[in-house]
Amino acid sequence: MAIRNGYVIDHNHKLLRQTELVKLRTQQILSDIMHGADLGVRGYGLTKDEKLLNPFDKTLAIAPGIFQDLDSLLKLQNYENRADLNKVKAEVDAYIKFSHEMIADARIDDMATFTNKLKEDRGFNVWEKYAEFSNPLFAYQDQLNARALYEYQWAIRANLILQLAILALVLPLVYFFV
């Protein structure tokens with residue numbers, strides 16, 4: 001029983017960390033990828049300073065890893081709506097492609113086209129797909145987290161009860177032998 005409880009504690013501790021990581025990676029789609037892309041494009045468009053493209057370049061470097069990590073975690077959890085992540089990724093990829101076009105417009109000093117593209121607010125499309133994906137995902141993660149926490153706490157209590165039972169059985173034996 002102690003070995004089983006140890007397994008339950010370890011498994012649920014990992015699951016608790018996993019649910020937190022899924023939420024973090026999902027939030028990074030907006031906070032790191034979209035924010036970085038938008039910040040870099042707007043900064044470069046206004047100033048033509050190549051250094052201001054650093055957030056955009058960072059976005060290009062981290063985006064595949066974030067989506068890959070998230071997909072792997074959802075696969076581990078057997079999340080049934082995992083395919084919705086691909087819809088979000090497709091929308092983010094389209095936004096990044098659009099951002100490249102805006103950077104090209106800024107490089108040739110076509111600010112009218114740049115401004116018109118900026119007004120299209122393509123990031124809103126990403127946000128809509130993100131919300132469709134993240135809301136049910138976060139609800140699922142909250143359920144997993146609550147169940148893992150309950151099982152974790154139950155296993156710890158069961159270990160305590162087991163230890164007390166062993167102590168209750170051993171103390172009379174020790175007294176008898178003494």
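At what angle do helix H3 and helix H4 pack, and how far apart are their axes? The legends below take up this contact and several others in a predicted model.

**View 1. Helix H3 packs against helix H4.** Helix H3 covers residues 84–107 and helix H4 covers residues 111–119. The two pack at an angle of about 155°, and their axes are 8 Å apart. Angles over 145 degrees count as roughly antiparallel, so H3 is roughly antiparallel to H4. Their crossing is left-handed. On the H3 side the contact is made by Phe98, Glu101, Met102, Asp105 and Ala106. These meet Met111, Thr113, Phe114, Lys117 and Leu118 of H4. Six residues of this contact are nonpolar, one is polar and three are charged.

**View 2. The loop between H3 and H4 holds Asp109.** Asp109 is not a glycine, yet its phi is positive, at about 60°. Most residues other than glycine have a negative phi. Is Asp109 buried or exposed? Asp109 counts as exposed because its relative accessibility is 56%, and the cut-off for exposed is over 50%.

**View 3. Helix H2 runs beside helix H3.** Helix H2 is made of residues 54–76. The axes of H2 and H3 come within 11 Å and cross at roughly 175°, which means that H2 is roughly antiparallel to H3. H2 brings Phe56, Thr59, Leu60, Phe67, Leu70, Asp71 and Leu74 to the contact. From H3 come Leu85, Val88, Lys89, Val92, Ile96, Ser99, His100 and Ile103. Sorted by type, the residues of this contact are ten nonpolar, three polar and two charged.

**View 4. Asn78 sits in the loop between H2 and H3.** Asn78 has a positive phi, near 55°, and is a residue other than glycine. With 65% relative accessibility, Asn78 counts as exposed.

**View 5. Helix H3 also packs against helix H5.** Here the angle is about 170° and the axes are 9 Å apart. H3 is therefore roughly antiparallel to H5, and the crossing is left-handed. Which residues of H3 meet H5? They are Asp84, Leu85, Lys87, Val88, Glu91, Val92 and Tyr95. Their partners in H5 are Gly123, Asn125, Val126, Lys129, Tyr130 and Phe133. Seven nonpolar, two polar and four charged residues make up this contact.

**View 6. The largest nonpolar core has 31 residues.** Ile29, Leu74, Val92 and Phe133 touch the most other members of this core. Helix H1 (2–47), H2, H3 and helix H5 (123–177) each give two or more residues to the core. The largest share, nine residues, comes from H3. In soluble globular proteins, nonpolar side chains tend to be buried together.

**View 7. Ile29 and the residues that it touches.** Leaving out residues up to four places away in sequence, Ile29 touches Met34, Ile66, Phe67, Leu70, Leu85, Val88, Val92 and Tyr130. Of these, Phe67, Leu70, Leu85, Val88 and Val92 also take part in the contact of H2 with H3.

**View 8. Phe176 lies in helix H5.** Phe176 counts as exposed because its relative accessibility is 66%. His35 and Phe176 are 141 residues apart along the chain.

Methods. Residues are numbered from 1 along each chain as its sequence is written. This is a predicted model: local features need pLDDT of at least 70, side-chain atom pairs count only at pLDDT 80 or more; totals for chains, interfaces and linings use all residues. Side-chain values use heavy atoms; hydrogens and water are left out. Axes are lines fitted to C-alpha atoms, for helices over the stretch in contact, and angles run from 0 to 180 degrees between N-to-C directions. Helices (H or I, at least four residues) and strands (E, at least two) are DSSP runs, numbered from the N terminus. Angles under 35 degrees count as roughly parallel, over 145 as roughly antiparallel, 65 to 115 as roughly perpendicular and the rest as oblique. A crossing is left-handed if the near helix is turned anticlockwise from the far one by less than a right angle, and right-handed if clockwise. Contact means heavy atoms within 4.5 Å. Ala, Val, Leu, Ile, Met, Phe, Trp, Tyr, Cys and Pro count as nonpolar, Asp, Glu, Lys and Arg as charged, and the others, Gly among them, as polar. A nonpolar core is a set of buried Ala, Val, Leu, Ile, Met, Phe, Trp, Tyr and Cys residues joined through side-chain atoms within 4.5 Å. Buried means under 20% relative accessible area, exposed over 50%, partly exposed in between (1.4 Å probe, protein chains only).
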